[in-house]
Amino acid sequence: MATVTEGRLFGKSIKRREDPRFITGRGTYVDDVKLPGMTYAAFVRSPHAHARIKAIDAARARKVPGVIAVYTSQEIKVGGLPCGWMLPGIKVPTRPVLAQGKARYVGEPVAIVIGETPYAAKDGAEAVSVTYEALQGVSDGKKAHQKGAPQLFDEIPSNQCFYWTIGDKAAAEAAFKSAATVVSQPLLNQRLIPNAIEPRACVASHSPATDELTLWVTSQNPHVHRLLMAAFVLAIPETKMRVIAPDVGGGFGSKIFVYNEEVAVSWASRTLKRPVKWTAERRESFLNDAHGRDHVTEAEMAFSREGQITGLRVKTHANLGAYLSTFAPLIPSYLYGPLLSGVYKIPAIFCEVWGMLSNTAPVDAYRGAGRPEATFLLERVMDRAARQLRLDPAELRRKNFIPAFTGGTPYQTPVAFAYDSGDYEPALRRALELSGYEQVRREQTAARQKGRYLGIGVTTYIEACGPAPSAVAGALGAGAGLWESGQVRVDPTGTVTVFTGSHSHGQGHETTFAQIVADELGIPMEQIEVVHGDTARIPFGMGTYGSRSACVGGSAIVKCLDKIKEKGRKIAAHLLEAGEQDLVFQGGTWSVKGSPDKKKAWGEVALMAYLAHNIPQGMEPGLEATSFYDPVNFTFPFGAHVAVVEVDAETGAVTILKYVAVDDVGRVINPMIVDGMVHGGIAQGVGQALWEHGIYTDDGQLLSGTMMDYAMPKADSLPSYVTDRTVTPSPINPLGFKGAGETGTIASTPTIANAVMDALEPFGVRHLDMPLTPGKIWKAVAAAKKK
Amino acid sequence: MNVPVTMTINGQKYSHEVEPRLLLVHYIREVVGLTGTHVGCDTSQCGACTIHLNGQALKACTMFTVQADGAKITTIEGMAKNGELHPIQQGFWEKHGLQCGFCTPGMIMTAAQILERHPKPTEEQIRHQLEGNLCRCTGYHNIVKAIQWAAEHMPAKK
């Protein structure tokens, strides 16, 4: 393993320190937690999308051997699940922990059964008899808006939770009036189901001795879980609740939110005075994990005669599901509309969003969260425009780029965001180079002569990471701050423990954060421990989502290190009887400028901080620092992706021949880890473009409810990827990070969709909705051939 | 009701009385207490529960414990020998073949079978034979690289 003797670790592909436990099967995921006296929970779920619950009869279930208890909303009297983001005029439906009176989507929990074993609990759940009166359901966000559509809540007319706009309506109208060309495109951004490979799980254990509730839960943000559950749902002091998110097997957004199951399980543990465990079956993940995307959109873009964008108008119906999940309103509003300028100079934008309820699982943040929807819209429309304007798609993009701004002056878009820094052309140039763009275009022409259909897709994108600052978020409706905490504790022997409010569920913080600390303190990584995921150990934390860990969580750690170094310098100066300004700190040693023999090593200073035998007068002993870092702005990574695909016109099958991603995520701590995140993101985005679709029938039955029916990206349908980077540091945080967790997903969906549509150009097919399955493509080609 | 079963897991003999319906993966995780084998999907799609049973890679969520009576099983915990990582484990570490780590044990067990079938596999062979294992983090890129690394570092067969 690397040590400080090898020089700075920043920017090096250090092997991950967390890997040994994972590759030997010694990780501790929530389902691996075993406690004495453990009981197990199973849920009874609504098979109806919309139904009145007439009666629940648990008598037979209670007699099943091994069943301990059955609870319904009659017994579990706690607060509803909170919604953490309020938009102006929003109507928030009450979301009970277990269905109350009505069930509003298939899979909504109706009762919880506790058993001595998981099998006994499941037997019990089978034996609970619920009498339903089925009602008409509606699954489509736009149809839910129509007159006569089934109503989910009496108090929310037309199923409309909110109507939200951003931009300048009059300016946009004027732009369209004077436009030389208008490109219109209706778009579906289909519903996706997150499918982290570790299903959600929780273990709740209540101690009658201390009245403390400990909850192990698959969470991306344990403190947020504790805050929301203690304050709004269970009504217990935060001091009496500890939330632990141990090793977590992927999140992708779906493990941000507070869910019914963990509340019911916590309540049951407090009631039964025994630990209770619940682990989702995959079927339950499909039914009740918060889904992603699901937009129905009409977009139109206005162009000048010269091919400059002059305006953009967007109307989107965002399907939010049957209830508002924790951050549901944020995703199709502030994480969507403000992204609509992309990397382009667009003088006038107006975007309207209708937030709709439907008889489907709640929809919330899923990798990218709003930004993929905005990027797909922009990039599909840009491609349609290039064809309509008879311009090369790369050229049209280049023509409309915001000119480079890297000097610290932000670029103000017409939709609220002020981008931190950007230089978009080099990333596009590099992506075109790596893909051999000109050459592939020639090959495409030649192949078409032979009846082979190659397609080239280009996307240039912007991304917004590390939502901030807290005061602005609060003004826009956030129920939480968007800062991050860090704590650095130096032990008397000089070893260092870093406590971060970020949470790693695959991101590798135990490695990357240690790299930063090793560099800043000049000590080997072996002396550094990174702790995350436990409210009892970490002061507070907002967790990991929105690609915020490095730029917000990492910056909080850097702030701590500044304080540690400052205090260390004072102690060293005191011991060396030198002025602080005369000391150099390098390689973990403070030495006097010009007299390198006069020095104090890191360990000596750390020890003295704790011995306190000889520290400056008035100084408190000890060596530890805490920081709460609230960034002044989002960060804005960007990049260009290019894909080459071949479509088999006979079968409709798509093969990805080449995939090139050039991303600018600012400065990079560990290139191997960033590349890995880009790879995974690409696969997820390709999944949306080609295969994945959470399909409900019109009345709300989930058809793609298992991995047999929902097409997950597999190794044999994906290529190896070519990745590269340009580096434009963000001026807003100390180390210049922009964020890297979601770029792949954001860019790859439109890149692949554009490539497939490019391949279908000879057939005159202008647009198909995702996923671009062989069946859909074959039908389109067959219809075109008939004409 | 319960049925006696005996099997050898990672070289150690286990005897228990189990419910006939108990899935092998639950036996390994809950009864024996080896939690490195994971459950990801319940329908044999994701492969997180892959183990070796009598030398064959097998999805342990698809088999009853009683069917494995008398079997010789290797799980992820049995792959490293005398504190030394198996070349496939090492490959996953070297090539960043994992992120959240949840699919990893199943991936490694499947990879072992791939390399047994194809000691020098092509990328296409690796990708094709990984079709029964799902990963949501890596996009498979580095998993393929990890298995290629392992192929180059596997000790020659005696």
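Which strands of chain A does helix α5 lie across? Helix α5 (residues 222-233) of chain A lies across β10 (212-217) and β11 of chain A. Its direction runs at about 145 degrees to that of β11(A). The model is predicted.

**The sheet of chain A**

β10 and β11 belong to an open sheet of seven strands in chain A. The order is β3-β5-β1-β12-β9-β10-β11, and the pairing is mixed. Two strands, β3 (67-71) and β11 (241-244) of chain A, form the edges. Each of them pairs on one side only. On average, neighbouring strands of the sheet are turned by 20 degrees against each other, direction ignored.

Strand β1 (residues 39-45) of chain A runs parallel to strand β12 (residues 276-279) of chain A. Two bridges join them. Here A:Thr39 stands opposite A:Val276 in β12(A).

| Helix of chain A | Strands of chain A | Angle |
|---|---|---|
| α5 (residues 222-233) | β10 and β11 | about 145 degrees to β11(A) |

**Where the chains meet**

Chain A also touches chain B. The contact takes 43 residues from chain A and 44 residues from chain B. On the chain B side, four helices each supply at least two residues: α2 (87-94), α3 (104-117), α4 (123-129) and α5 (141-153) of chain B. What kinds of residues make up the side of chain B that touches chain A? They divide into 21 nonpolar, 16 polar and seven charged.

Definitions and conventions: Residues are numbered from 1 along each chain as its sequence is written. Chains are lettered from A and ligands numbered from 1 in the order in which they are written. This is a predicted model: local features need pLDDT of at least 70, side-chain atom pairs count only at pLDDT 80 or more; totals for chains, interfaces and linings use all residues. Two residues are in contact if their C-beta atoms, placed from the backbone, lie within 7 Å. Ala, Val, Leu, Ile, Met, Phe, Trp, Tyr, Cys and Pro count as nonpolar, Asp, Glu, Lys and Arg as charged, and the others, Gly among them, as polar. Two strands pair if DSSP finds at least two bridges between them. Axes are lines fitted to C-alpha atoms, for helices over the stretch in contact, and angles run from 0 to 180 degrees between N-to-C directions.
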